[in-house]
Amino acid sequence: MFKKFVFGLPIVVALMAISFYLGTGVQQGVATDDFYEQYKKFQEVVKKAQYYYVEPINWDKTMEGAISGFLEQLDPHSVYIDPKKLAKVTEDFKGEFSGIGIQFDILDKYITVISPIPGTPAFKLGMQAGDKIIEIEGESTYGIKTEDVVNKLRGPSGSVVNVTVAREDETEPIYFDITRAKIPLYSVESRYMIDKKTGYVSINRFAEKTAAEFEESVDKLLSQGMQELVLDLRGNPGGLLDQAFEITNLLLKKKGEVIVSTKGRVPGTDYEYYSRGGGKYGDLPVIILISRGSASASEIVSGAMQDLDRGLVIGQDSFGKGLVQKQYPLNDGSAMRLTTARYYTPSGRLIQKHYEKGLQGKLDYYKNAYSHKNFEAIKDSLEEADLMFETKYLKRKVYGGGGIHPDYETLPDTTGDYKFMSKIISKRIPFEFATDFCRENPNVGKDFDKFLNDFEITDTQLKEVARIAKEKKIEFKDESFEDESNARWIKNLVKAEMALNFWDRDHYYRVRAVNDKQLQDALKFFPEAREFSDVADK
């Protein structure tokens, strides 16, 4: 028997974040004689180890391992979360922390500011991209580790941290007394206009404020003339169910549409979540981009939009994470996340893909997630296994078997030397060149449209990027920079870093979009997507 929710969600919102970037009473599950026998055996093992093991036992570590091993035998997503990791998980979902507000990396063994976050204390005090933080509270930062940077720069709101900065072209250090404040962790990665009528919003996870961020972003793009939307969920590992529901609800006009349903073993886990009707963006043509890294809440949104014939799904098969986790706090500040139900799309497709239990099953589960599947080769077997479904209004064929299969498959550009390009990224070579260029050529950053359409990185400048790479002791062959695919990719990345320096992250991603093959391919399908916006009303 399903419980129906039309105007809201249950008070307890299930956590669905995928466990790799990792209620109901006990009396409702029957404890068998076998359970008690196994529990007694475990106690016996612990007692014998306590008395006879050759060395003193670290019981914290040992018991955490036992708990993790127990949950590992259930499924790939039931996990134990230690107190330290739980604090980080909670921070990510709440969408804020207290600090100074910089994006940074460790370059040449010093903290290097990649970009001050607009509106934050560091931004207001005038910190700049390329600044090197050489001291924190009078202590040298040379050779500092990333986790130590976080520990030193974050702290309670209102507290003060003293930092010393070395800046290019400044002969003396610059001293900042920075008052920490709440720093937002945005889940909307970027939003911009691709052209005069097409808007773009990218969501990197579903946290507490994601729906509000999405609504604010779409409203801004509408004010700029947007008539159609690309919603990019590629690489989005999931998050909170209520945020996936709210975003989908904003895109649906009709009341009473099933957005997602859950089915579990014990009472109180079977639900159907219904649209409230009158969605603010119900008439907006939508294309949803997904990839093999799109999971959980991303699959709820894309699955609902596909099954309800509301938008086109473009990209690659999604991950296939359709297990509902409920998080239970434990008495030492840790928690366990336990699977209590499974997710189904409006047509009845199970989102969860097949998995084997145990450690090896978990390893294979994640290892195989990113291998490319030839969908045409398995389509017949899915139909034979009764895993073919229909969309609600247009009666299009959609397939189960785990994950969401896109309406049209588009693949990322795989040309070029991936290992070479990874080295260039990890050492921040484009950033270093762009930072120096922007400092010496401020007039280039006066007009973004002119910069986007007319400004190009020259071959001479590319050679300078190669020189910096050699200076940083990156090993590569000279022809690596001469390869057409590599050169195109590096030039685009350098230009994007310039856009970040001159403007902000939205402009950075707008430049990157020029070289995004999947995105450019997806735009070709808007004539069909426009026909979907009013299907439910016919």
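Across the interface of domain 1 and domain 3, the rule finds two salt bridges, a salt bridge being a side-chain nitrogen of Lys or Arg within 4 Å of a carboxyl oxygen of Asp or Glu. This is a predicted model, in which local features need pLDDT of at least 70, side-chain atom pairs count only at pLDDT 80 or more, and totals for chains, interfaces and linings use all residues. Residues are numbered from 1 along each chain as its sequence is written, and side-chain values use heavy atoms, with hydrogens and water left out.

**Domains 1 and 3**

- The domain assignment gives domain 1 (97-184), domain 2 (188-413) and domain 3 (418-514); such bounds come from an automatic or database domain assignment.
- Domain 1 and domain 3 have C-alpha centres 24 Å apart.
- Twelve residues from domain 1 and ten residues from domain 3 make the contact, where contact means heavy atoms within 4.5 Å.
- About 910 Å² is buried between domain 1 and domain 3, with carbon and sulfur atoms giving 55%; buried area is the accessible area (1.4 Å probe) that two parts lose on being put together, summed over both.
- Of the area that domain 1 buries against domain 3, 41% is supplied by Leu 107, Ile 114 and Ala 129, more than by any other three residues.

**Salt bridges**

- The count by this rule is 28 salt bridges.
- Lys 472 pairs with Asp 108 in a salt bridge whose closest N and O atoms are 2.7 Å apart.
- That pair links distant parts of the chain, 364 residues apart: Lys 472 is in the loop between α14 and α15 (479-482), and Asp 108 is in the loop between β4 (102-107) and β5 (110-116).
- Helices (H or I, at least four residues) and strands (E, at least two) are DSSP runs, numbered from the N terminus.
- Asp 105 and Arg 428 also form a salt bridge through their side chains (3.1 Å, N to O).

**Helix α14 with helix α16**

- The axes of α14 (residues 459-471) and α16 (residues 484-502) come within 11 Å and cross at roughly 85 degrees; axes are lines fitted to C-alpha atoms, for helices over the stretch in contact, and angles run from 0 to 180 degrees between N-to-C directions.
- α14 is therefore roughly perpendicular to α16 (angles under 35 degrees count as roughly parallel, over 145 as roughly antiparallel, 65 to 115 as roughly perpendicular and the rest as oblique).
- Asp 459, Leu 462 and Val 465 of α14 meet Ala 487, Ile 490, Lys 491 and Val 494 of α16.
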